[in-house]
Amino acid sequence: AQGDPYGPDSTIAEILDRHNLDHNSTTYKMVYAYTNACRIENPTQELVDIEEKLQTSVNSIWLEIARIDGVGRTNVSDFCGSDNLDGFLDGTRQLAKSLSTIRKA
């Protein structure tokens with residue numbers, strides 16, 4: 001039971017402390033939240049924040065690709081002097097797809 005000094009939750013907390021696990025580590029926060037019936041701050045919030053930032057980056061990549069395609073690759077390439085714009089954009093598209101796959105996993 002929660003609060004029982006001899007219960008499994010207390011035993012787990014004691015094991016973590018004996019192994020000097022950093023109280024700021026994700027592992028400690030996850031275990032601590034679980035053994036306290038999730039009545040504390042969400043330990044996965046950092047991961048949620050990273051996922052949101054990742055999605056924002058993916059959206060920015062697609063937006064920039066759409067802008068370039070809207071103007072025309074040839075026009076951008078001629079104006080900016082890029083010899084390998086198609087290769088760069090293909091790589092960028094692949095990056096956005098990969099990041100989306102990772103985010104959804």
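Is Glu-51 buried, partly exposed or exposed? Glu-51 counts as partly exposed, because its relative accessibility is 33%. In these terms, buried means under 20% relative accessible area, exposed means over 50%, and partly exposed lies in between, with a 1.4 Å probe and protein chains only.

Before I continue, a word on the source. This is a predicted model, in which local features need pLDDT of at least 70 and side-chain atom pairs count only at pLDDT 80 or more, while totals for chains, interfaces and linings use all residues. Residues are numbered from 1 along each chain as its sequence is written, and side-chain values use heavy atoms, with hydrogens and water left out.

Let me turn to the overall picture. The chain has five helices and zero strands, and along the sequence its pattern reads α-α-α-α-α. Helices (H or I, at least four residues) and strands (E, at least two) are DSSP runs, numbered from the N terminus. Of the 105 residues, 20% count as buried. The accessible surface is about 7,800 Å², and 56% of that surface belongs to carbon and sulfur atoms. Such areas come from the Shrake-Rupley method with a 1.4 Å probe; for residues, only the protein chains shown count as cover. Among contacts between residues at least 6 apart in sequence, 43% join residues at least 24 apart. Contact here means heavy atoms within 4.5 Å.

I come next to the interior. In soluble globular proteins, nonpolar side chains tend to be buried together. The largest nonpolar core in this model has eight residues: Val-58, Ile-61, Ile-65, Val-76, Leu-85, Leu-89, Ala-96 and Leu-99. Helix H3 (45–71) and helix H5 (85–104) are the elements that give two or more residues to this core, and H5 gives the most, with four residues. A nonpolar core is a set of buried Ala, Val, Leu, Ile, Met, Phe, Trp, Tyr and Cys residues joined through side-chain atoms within 4.5 Å.

Which residues does Ile-65 contact, leaving aside its neighbours within four places in sequence? Ile-65 is in contact with Leu-89, Thr-92 and Arg-93. Thr-92 belongs to helix H5 and is buried, because its relative accessible area is 15%. Not counting residues up to four places away in sequence, Thr-92 touches Ile-61 and Ile-65.

Let us return to Glu-51, which lies in helix H3. Its C-alpha atom is separated by 9.9 Å from that of Ser-100, 49 residues apart along the chain. Arg-103, in helix H5, is partly exposed because its relative accessibility is 23%. Apart from neighbours within four places in sequence, Arg-103 is in contact with Glu-51, Leu-54 and Gln-55. Arg-103 and Leu-54 are 49 residues apart in sequence and 7.3 Å apart in space, C-alpha to C-alpha.

Now for a pair of helices. Two packed helices are described by the angle between their axes and the distance between the axes. The axes of H3 and helix H4 (residues 73–80) come within 5 Å and cross at roughly 90°. H3 is therefore roughly perpendicular to H4. Axes are lines fitted to C-alpha atoms, for helices over the stretch in contact, and angles run from 0 to 180 degrees between N-to-C directions. Angles under 35 degrees count as roughly parallel, over 145 as roughly antiparallel, 65 to 115 as roughly perpendicular and the rest as oblique. Ile-68, Asp-69 and Val-71 of H3 make this contact with Arg-73, Asn-75 and Val-76 of H4.

Finally, consider helix H1 (residues 8–18), which contains Thr-11. Thr-11 is partly exposed, with a relative accessible area of 39%. The C-alpha atoms of Thr-11 and Thr-35 are separated by 9.8 Å, and the two residues are 24 residues apart along the chain.
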